[in-house]
Amino acid sequence: MYILGISAYYHDAAAALIRDGEIIAAAQEERFSRIKHDPQFPSQAISYCLEEAGIGLNEVDAIVFYDKPLLKFERLLETYYAYAPKGFRQFVKSIPIWIKEKLFLKSTLRKELTTIGEFNAKNIPLLFPEHHLSHAASAFYPSPFEDAAILSVDGVGEWATTSIMHGKGQNIELKKQISFPHSLGLLYSSFTYFLGFKVNSGEYKLMGLAPYGNPHSEQKERFKQIIRGHLITSFPDGSFQLNISYFSYPYGLRMIQDKDWVKLFGISKREPEAEILQEHCNLALAIQEITEDIMIALAKEAQRLTGSNYLCIAGGVALNCVANGKLLDETDFEEIYVQPAAGDAGASLGAALAAFHIHFKQARSRLLKDSMKNAYLGPSFSLDEIRIALQEANLSYSEHTDESLFDYLSDKLTSGMVVGWFQGRMEFGPRALGNRSILADPANIEMQRIVNIKIKNRESFRPFAPVFMEGEIPEYFELKQSSPYMSFVRKLKSEHLHAFPTDYYEWSMKEKLAFKKSELAAITHVDGSARVQSLRKSANPRFYSLLQSIKAKTGRGVLLNTSFNVRGEPIVCKPKEAIHCFQKTEMDVLVLENFIVEKKLYKV
């Protein structure tokens with residue numbers, strides 16, 4: 001039985017294909033269209049999934065969309081009615097689009113599907129699970145747990161913004177829910193907007209900015225009191241209510257009314273690209289800490305309601321890996337599984353899995369450690385395809401055996417060069433995990449600046465993640481479980497951190513960036529933490545071999561690992577995109593499978 005899952009029309013459109021419950025392929029549309037967070041119908045992603053399986057569209061047994069559009073339309077109408085006459089401009093703008101494209105989504109989907117290939121609409125059912133069920137299914141079914149509490153936390157689906165569910169066997173049961181307009185995800189996005197970042201894509205920047213806040217400052221504490229006193233009321237069971245008078249997202253074109261927040265916090269809204277001041281850092285830290293507190297309370301409530309020793313998390317807020325790290329410390333779960341594509345892209349996969357196990361009542365097969373297949377679910381390219389791409393770009397290149405490749409690259413990396421690394425199947429989700437990566441020496445403090453400014457062309461404060469051979473993790477971190485998807489932030493052990501000056505938190509951002517915080521300076525964030533990726537040999541043998549070669553020369557099996565893209569562009573998918581990214585940045589070496597290009601070997 002083949003089931004195709006689709007997410008589209010909001011942000012991060014994607015497609016996923018499963019066969020008898022096994023995940024065959026999954027990819028975001030942005031990787032093919034080259035439009036970051038592309039919301040359009042994922043025709044190219046669907047075509048890829050079908051090609052990977054070697055089937056046509058008519059061989060699919062069901063097509064599943066990731067939410068219920070009629071229920072979402074009901075929420076929009078009720079919200080506009082509740083806030084009228086506010087939001088009239090938004091109503092006039094959005095309702096015609098809904099009526100034309102989204103309200104009658106079955107006909108829209110069928111029309112789009114006919115552009116992909118032969119499609120018999122009468123024989124292939126279209127199914128519509130609820131949005132939060134799609135999120136929950138994306139985390140629970142790929143997990144190794146027979147029984148687990150499930151948290152789905154995001155901006156909003158149809159009505160739900162936060163859901164506690166119980167996964168057991170093939171079934172998922174809703175236990176508790178918080179509904180729109182009360183949303184932890186939209187609260188966090190409101191601060192994303194106020195601090196000058198783009199909503200639905202800049203939340204991870206806000207998370208990265210928070211550690212620059214002074215945890216001991218009176219201003220940070222005052223900001224937290226203001227947030228708790230005026231914007232959100234939270235309760236011990238994790239439930240919460242927002243004071244909607246301070247928000248305009250239910251009816252407007254913006255998240256908040258700027259003037260109200262300026263008056264409330266006593267600071268100006270930061271404009272995009274404007275200088276980041278300490279007050280911005282302190283405000284980012286304040287909302288991050290409140291978010292963590294609520295997530296911890298929700299997780300404890302989930303365990304109380306389900307009695308489970310395991311937790312699965314999905315939804316956009318599940319990408320807050322700092323909060324996830326706090327869950328490891330502050331809850332009693334034996335293990336926590338975070339869906340690596342936790343946002344709407346991953347809901348395409350969850351929709352397909354929910355249909356298979358719940359609608360078609362198919363039992364889960366033998367539970368695997370991680371049936372996500374390490375998120376390597378996208379397209380791969382043959383040596384011939386890569387060779388053609390190199391020749392079309394008029395580049396000189398060399399070809400290596402595996403043994404010589406790893407030895408050569410470890411020399412380049414330890415000498416201070418930055419490497420673009422392209423191999424195997426592209427990752428599904430927002431993070432590069434060793435197949436579409438930019439790699440550098442984590443012990444070189446200059447690499448944090450070089451990769452951010454000269455290669456990624458992004459803000460200097462952004463941190464980088466380390467990838468470790470899994471056996472190396474206990475040496476550097478207190479981490480009771482694996483972290484193959486960079487899902488958890490952990491503090492480095494004290495023996496690897498350098499002593500922080502007593503006035504460290506009074507320093508400027510530039511001074512904090514320049515301070516060598518650990519022996520792995522390029523991947524150590526300003527608070528001594530890192531977003532950890534642990535790598536097993538069986539997950540990615542070639543990448544693991546490179547780490548082994550690095551360890552043989554440095555004594556440490558670790559590299560700086562960041563996504564193969566520049567600011568504003570999706571992660572590269574095809575060889576020609578990797579070549580283009582390499583050419584327009586200051587990367588030193590490009591690796592495409594066993595082919596190597598160095599800048600000095602360019603043909604002129």
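This is a predicted model: local features need pLDDT of at least 70, side-chain atom pairs count only at pLDDT 80 or more; totals for chains, interfaces and linings use all residues.
**Terms and model**

Residues are numbered from 1 along each chain as its sequence is written, and side-chain values use heavy atoms, with hydrogens and water left out.

**Cavities**

I searched the whole structure and found five cavities of 30 Å³ or more. A volume here is the space filled by probe spheres set on the grid points, which are joined across faces, edges and corners.

I looked up the largest cavity, which holds about 110 Å³ of space. It has 15 lining residues, and Gln448, Leu513, Lys517, Ala521 and Thr524 lie nearest its centre. I sorted its lining into ten nonpolar, three polar and two charged residues. Nonpolar covers Ala, Val, Leu, Ile, Met, Phe, Trp, Tyr, Cys and Pro; charged covers Asp, Glu, Lys and Arg; the others, Gly among them, are polar.

The second largest cavity has a volume of about 70 Å³. Among the residues lining it I noted Asn374, Tyr376, Gln533 and Arg536. Its classes are six nonpolar, three polar and one charged.

**Second largest pocket**

A pocket is an open set of points with protein on both sides within 12 Å along at least five of seven lines. Of its 22 lining residues, Val322, Lys326, Lys491, Asp527 and Ser529 lie nearest the centre. Helix H11 (278-306), helix H12 (321-330) and strand E17 (488-491) each give at least two lining residues. Helices (H or I, at least four residues) and strands (E, at least two) are DSSP runs, numbered from the N terminus. The lining has ten nonpolar, four polar and eight charged residues.

**Helix H9**

I checked the length of H9 (residues 218-231): at 1.5 Å a residue its 14 residues should span 20 Å, and the end C-alpha atoms are 19 Å apart, which agrees. The expected span is 1.5 Å times one less than the number of residues.

I list Lys220, Phe223, Lys224, Ile226, Ile227 and Leu231 as its buried residues. They cover an arc of only 160° around the axis, so they sit on the same side of H9. The arc is taken over directions from the helix axis to the C-beta atoms. The face turned away carries the exposed Glu218, Gln225 and Gly229. Buried is under 20% relative accessible area, exposed over 50%, and partly exposed in between (1.4 Å probe, protein chains only).

Notes. On a 1 Å grid over the protein atoms alone, a cavity is a set of points where a 1.4 Å probe fits but cannot get out, and a pocket is an open set with protein on both sides within 12 Å along at least five of seven lines; lining residues have an atom within 4 Å of a point.
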